[in-house]
Amino acid sequence: MIATAEPLLAPPAADMLEHVACYLCGARDHQAFITAEDDLGGTPGRYSFVTCAGCGLKYQNPRVTLDRIGAYYDDQYIAHRKKRDWGILTPLFERAMRKLDVDKARIVSRYVTLDSTSSVLDVGCAVGTFLQYLRETYGSHVAGVDFKDLSAAPTLRGVEFHCGLFYDAVLASNRFDLVTMWHFLEHDYDPMRSLETAHRVLKPEGRLVIEVPRLDSRTFNWFGDRWPGLQAPQHTVLFDRESLIAAVRKSGFEVVDYLPYGAFPAYFYIFTGAAFRMLKGRGLNLDRAIVPYFIGQQLMRPYLWFERRLNLAMQTIVCRRTS
Ligand SMILES: [Zn+2]
């Protein structure tokens, strides 16, 4: 287990940071791209993202070392929330979370036939609600990996859960019909190694589905250094369309489809981006934000109907093995 719960009262000390070469091409030369704060958590510190001089990939450099990053994924981290007590808004919140899983299933079922014979792996599965949904709906065999030990979560019952880093997990080769990575790859400390691992564990005819924030999107243009997709210090890589496609191709995949949206609501980035601008690094109190969040979502509904055409915030790539 990597994660440790400790209060983060000071910016990361020099020994908590490390310089890294480009994940995609290995070059060490780079130029400054943008700096960002922990707008979501409100912990102190300013983090640098650079542009690789070799291939143009944007990534965090230096980054917080792997053994220290766990503290930034504390219990407030939304994907890891086990307790979902939002008072009278609990049903709304639960419906939103359920919708996220339904929308993920809708995307993947366009490319993979899911039934009781299919085997699915979700990398960065958090508390596993997506996998649970697939198990209940299609009867598929489901497995998940997460670096935080969430095995006690009731939603992981019936899920084959592997705690640790994806590339360290003991998983047989050519095993899965579908591997999904929902907002995982931009957090990864070795994304190319994870893509190679996905390639290894997928069946030859299997599909890999990856959703990440999209740097070349409208919300980045609107919010700049307060763009929620920067999510410092957790996000190690900032993919645009071109670098995401380059990364999968380099790992032995070809692109089956590319979607300029995801299952994750772009509205979340519109709301939090506007909030981060006002809060200026003080951190978002989720309990206080939830009422304005749902009100804003209702007000924006007509605009959000066109979400899939507006290139607002997310991207999803569907891949298959070339070898
Ligand atoms: Zn590079």
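1. Contact, as used in this note, means heavy atoms within 4.5 Å. The model is a predicted one, in which local features need pLDDT of at least 70 and side-chain atom pairs count only at pLDDT 80 or more, while totals for chains, interfaces and linings use all residues. Residues are numbered from 1 along each chain as its sequence is written, and side-chain values use heavy atoms, with hydrogens and water left out. Helices (H or I, at least four residues) and strands (E, at least two) are DSSP runs numbered from the N terminus.

2. The zinc ion has as its protein donors the SG atoms of C22, C25, C52 and C55, which lie 2.3 Å from it; donors are N, O and S atoms within 2.8 Å of the metal (3.2 Å for Na, K and Ca), and since water is not among the atoms, sites may look incomplete. The angles among the 4 donor atoms run from 99 to 117°, and the site is tetrahedral, a label given to four donors if all angles lie between 85 and 135 degrees. For comparison, the ideal angle for four tetrahedral donors is 109.5 degrees.

3. Along the sequence, the zinc donors follow the spacing C-x2-C-x26-C-x2-C. C22, in the loop between strand 1 (17-18) and strand 2 (30-37), and C55, in the loop between strand 3 (46-52) and strand 4 (58-60), are 33 residues apart, and the pair links distant parts of the chain. Are these two residues buried or partly exposed? C22 counts as buried because its relative accessibility is 5%, whereas C55, at 36%, is partly exposed; buried means under 20% relative accessible area, exposed over 50%, and partly exposed in between, with a 1.4 Å probe and protein chains only.

4. An open sheet is formed by 7 strands in the order 8-7-6-9-10-13-12, with mixed pairing, where two strands pair if DSSP finds at least two bridges between them. Strand 8 (160-163) and strand 12 (253-259) are the edge strands, each pairing on one side only. On average, neighbouring strands of this sheet are turned by 20° against each other, direction ignored.

5. Strand 6 (residues 119-123) pairs in the parallel sense with strand 7 (residues 141-146) over 5 bridges, and V123 has V145 as its bridge partner there. Strand 6 also pairs in the parallel sense with strand 9, over 3 bridges, with L178 as the bridge partner of V120.

6. Why is strand 6 described as largely enclosed by the rest of the structure? The description applies because 5 of the 5 residues of strand 6 are buried. S119, L121 and V123 point one way from the strand, and V120 and D122 point the other way. In a regular strand the side chains alternate between the two faces of the sheet. From strand 6 the chain crosses through helix 3 (residues 129-138) to strand 7 in a right-handed β-α-β crossover, a term that applies if, with the strands pointing away from the viewer, the path from the first strand over the helix to the second runs clockwise.

7. Helix 2 (residues 90-109) lies across strand 9 (176-182), strand 10 (202-213), strand 12 and strand 13 (314-321), and it runs at about 135° to strand 9. Axes here are lines fitted to C-alpha atoms, for helices over the stretch in contact, and angles run from 0 to 180 degrees between N-to-C directions.

8. In helix 6 (residues 241-250), the residues S243, L244, I245, A247 and V248 are buried, and the elements that cover the buried residues of this helix include helix 4 (191-201), strand 10, strand 11 (237-238), strand 12 and strand 13. Just after helix 6, G252 adopts a positive phi of about 90°.

9. A289, in helix 8 (residues 286-304), is buried at a relative accessible area of 10%. Apart from neighbours within four places in sequence, A289 is in contact with F271 and L284. The C-alpha atoms of A289 and T272 are separated by 9.1 Å, these residues being 17 apart along the chain.

10. Some backbone points deserve a look. The peptide bond from N61 to P62 is cis, with omega near 0°, and P62 lies in the loop between strand 4 and strand 5 (63-64). A cis peptide bond also joins A232 and P233, with omega about 0°; P233 lies in the loop between helix 5 (218-223) and strand 11.

11. N174, although not a glycine, has a positive phi of about 50°; it is found in the loop between strand 8 and strand 9 and is partly exposed at 42% relative accessibility. N311, likewise a residue other than glycine, has a positive phi near 45°; N311 lies in the loop between helix 8 and strand 13 and is buried, with a relative accessible area of 19%.

Technical notes
Four donors count as tetrahedral if all angles lie between 85 and 135 degrees; four count as square planar and six as octahedral if opposite donors are over 155 degrees apart and all others between 65 and 115; anything else is irregular.
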